[in-house]
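Please load the model in your viewer and keep the sequence panel open beside it. The stops below move from the whole chain to single residues.

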Amino acid sequence: MIDFDQVAEGLSDNRELIGDLSTTILEQTAQLADHHINDLLLAELMQHFVEAERHLTKLNDLKNKFLGIAAHDLRNPLTTIRGMSQMLLEMDDLEEETRASFLKTISEVSDEMFNLINNLLDVSVIESGQFDLQQVKTDISSLARSRIDLITLTARKKGIDLEIDLGVVPQVMIDPNRMGQVINNLLTNALKFSEPGTIVKLVIAHRHEQVVIEVKDQGQGISAEEQDLLFGTFQKLSARPTGDERSTGLGLSIVKKIVDAHGGQISVNSEVGQGSTFSVALPVV
């Protein structure tokens, strides 16, 4: 006869054993899941650490370049200003023409230093992530018109014709000060690398639901290899200014960062010896 009590006791023991096994399996599974999650978290933390270290290295390199520029590009003009100012103070018998020439040089050199420091500060602000735009609806043509007087004077001094074609365009959502800086930099850059007797043209038009700013020159042009380097920080290419201007390799990198911050695009079309056209496209409001 079947001893049902023994069967029931055996089943009870098996249930306890199965229960213990199930508990053990669940605990092991949970531990494996915890290890997997920890591994994922550790990998993510390591990735953040690597990215942070890379960013800090980049900022440190940028700082070193700033210091290098400050030591090199500011020392020479400061030496010039110091020497000429001492001569103006100490030499009472300087001819008026010489005195005027010294003052003009001091003014020009101080302007170069001022522009360099502004560029360094702009790059520093942008790279630190504290680059805030004060955007309002703006007519680009009107903005450009208000910025042209100083550029026209610079072009006239260098013997370059400045042609302006400001079309009627829709408003765009921009920071007027920053976008005015873009127009100034592009025009100044075109004049810097153009020969006397050539033409620099500014065009503003409405194309394909975008407001386009174009600056065309008849300068030295840029090789295809160097076009990829144009918008990098501290990039100095083979083209050289045609006057006594200085170049720090910061202007176009700042222009690109400002345009990118506005959701726009900047491009260049150029051939060596055939001049260059820089185009900025901004979305219409």
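The tour begins with the whole chain and then turns to selections within it.

This is a predicted model, in which local features need pLDDT of at least 70 and side-chain atom pairs count only at pLDDT 80 or more, while totals for chains, interfaces and linings use all residues. Residues are numbered from 1 along each chain as its sequence is written, and side-chain values use heavy atoms, with hydrogens and water left out.

Colour the chain by secondary structure: there are seven helices and seven strands, taken as DSSP runs numbered from the N terminus (helices H or I, at least four residues; strands E, at least two). Along the sequence they follow the pattern α-α-α-β-α-β-β-α-β-β-α-α-β-β. Of the 285 residues, 34% count as buried, where buried means under 20% relative accessible area, exposed over 50% and partly exposed in between (1.4 Å probe, protein chains only).

Next, select Ile140, Met179, Leu186, Leu202 and Ile213, which touch the most other members of the 53-residue largest nonpolar core, a core being a set of buried Ala, Val, Leu, Ile, Met, Phe, Trp, Tyr and Cys residues joined through side-chain atoms within 4.5 Å. Helix 3 (residues 96-127) gives the most to this core, with eight residues. Centre on Ile213, whose contacts (heavy atoms within 4.5 Å) include Phe278, Val280 and Leu282, not counting residues up to four places away in sequence.

Finally, select helix 7 (residues 251-261), where the buried residues are Leu252, Ser253, Ile254, Val255, Ile258 and Val259. Just after helix 7, Gly263 takes a positive phi of about 75 degrees.
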